[in-house]
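Subject: Structure handover

Hello,

Here is the structure I said I would pass on. My notes on what was found follow below it.

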Amino acid sequence: MTGDRALILDFGGVVTRTLFETHDITERTLGLPPGSLTWRGPFDPSTDPLWVAMQNREITERDYWLARTGEVGQMVGEEWNEMQTFVRRARGAEPELVLRPEARDAILRVKAAGMRLAILSNELDLFYGVEFRKRFPLIELFDVIVDATYTKILKPDPRAYELVLSELALPREACVFVDDQKKNIEGAEAVRLPHVHFDVTQPAEGYARALAMLGL
């Protein structure tokens with residue numbers, strides 16, 4: 001019986017393509033000229049001093065995205081002050097374009113093997129909105145979703161990881177946690193949860209490592 005193993009995924013950047021990777025969708029959806037959005041985050045830090053500041057922990061991830069949200073809102077002549085406004089307006093119409101192909105493959109393989117799936121996110125509904133989540137491909141395959149939008153417990157707080165483990169009712173050594181933010185990986189290390197530090201620029205590699213750790 002393999003239902004005693006689980007893949008625990010961060011949502012933004014791990015299950016979804018990052019907003020850096022979907023500038024073309026964003027520009028098309030918002031009616032902006034191609035090439036309007038130049039910041040590329042981890043894909044080209046030289047284009048993005050604000051991203052570098054976040055990596056150096058001078059600002060938080062939320063600060064980063066609030067700044068970008070305000071900028072893009074101004075480009076379309078509106079005042080945007082919530083991340084979910086950006087996400088919904090930029091990509092809300094087509095959730096299937098946002099799902100990482102590598103994530104789709106891994107999720108289906110884990111499910112086919114009879115293993116369990118969980119999401120552990122700091123801002124799933126906060127950033128993406130409830131409607132987006134409900135329409136997101138494969139979301140129904142997840143056994144557990146722990147979202148700090150509701151729990152108010154943000155990774156890397158140890159309680160966030162313990163919460164998803166208790167909802168899965170599995171020992172930590174039976175699980176693999178995947179996240180793209182270093183501080184969230186440090187949180188997993190602190191509670192001895194097996195993990196993969198996901199590189200958004202090498203998604204296939206990250207998923208291959210996680211699946212191998214699960215014996216797939």
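**Helix packing**

The crossing of α5 and α11 is right-handed. Please keep in mind that this is a predicted model. Helix α5 covers residues 101–112 and helix α11 covers residues 203–213; their axes come within 9 Å and cross at roughly 15 degrees. An angle under 35 degrees counts as roughly parallel, so α5 and α11 are roughly parallel to each other. On the α5 side, the residues that meet α11 are E102, A103, A106, R109 and V110. Their partners in α11 are P203, A204, Y207 and L211. Sorted by class, the residues of this contact between α5 and α11 comprise seven nonpolar and two charged, with no polar ones.

A second pair is α1 (residues 23–30) and α4, whose axes come within 7 Å and cross at roughly 85 degrees. Angles of 65 to 115 degrees count as roughly perpendicular, and α1 and α4 are therefore roughly perpendicular to each other. In this contact, α1 contributes I25, T26, T29 and L30, while α4 contributes F86, R89 and A90. The residues of the contact of α1 with α4 divide into four nonpolar, two polar and one charged.

**The largest pocket**

Rolling a probe the size of a water molecule over the atoms shows where empty space is left. The largest pocket holds about 710 Å³ of space. It is lined by 38 residues, and those closest to its centre are M54, E61, D180, Q181 and K183. Several elements give two or more residues to the lining: α2 (49–55), α3 (61–75), α4 (83–91), α6 (124–128) and α10 (182–190).

**The loop between α8 and α9**

Two backbone details in this part of the chain are worth a look. Most residues other than glycine have a negative phi, and most peptide bonds are trans. K152 is not a glycine, yet has a positive phi of about 65 degrees. K152 is found in the loop between α8 and α9. The peptide bond that joins K155 and P156 is cis, with omega about 10 degrees. P156 is also placed in the loop between α8 (148–151) and α9 (158–168).

Regards

Methods
Residues numbered from 1 in each chain as written. Predicted model: local features only at pLDDT ≥ 70, side-chain atom pairs only at ≥ 80, totals over all residues. Heavy atoms only, no water. 1 Å grid on protein atoms, 1.4 Å probe; cavity = no way out; pocket = protein on both sides within 12 Å on 5 of 7 lines; lining within 4 Å. Points joined across faces, edges and corners; volume = space filled by probe spheres on them. Helix = DSSP H or I, 4+ residues; strand = E, 2+ residues; numbered from the N terminus. Axes fitted to C-alpha atoms, helices over the stretch in contact; angles between N-to-C directions. Parallel < 35°, antiparallel > 145°, perpendicular 65-115°, else oblique. Contact = heavy atoms within 4.5 Å. Nonpolar A, V, L, I, M, F, W, Y, C, P; charged D, E, K, R; others polar. Left-handed = near helix turned anticlockwise from the far one by under 90°.
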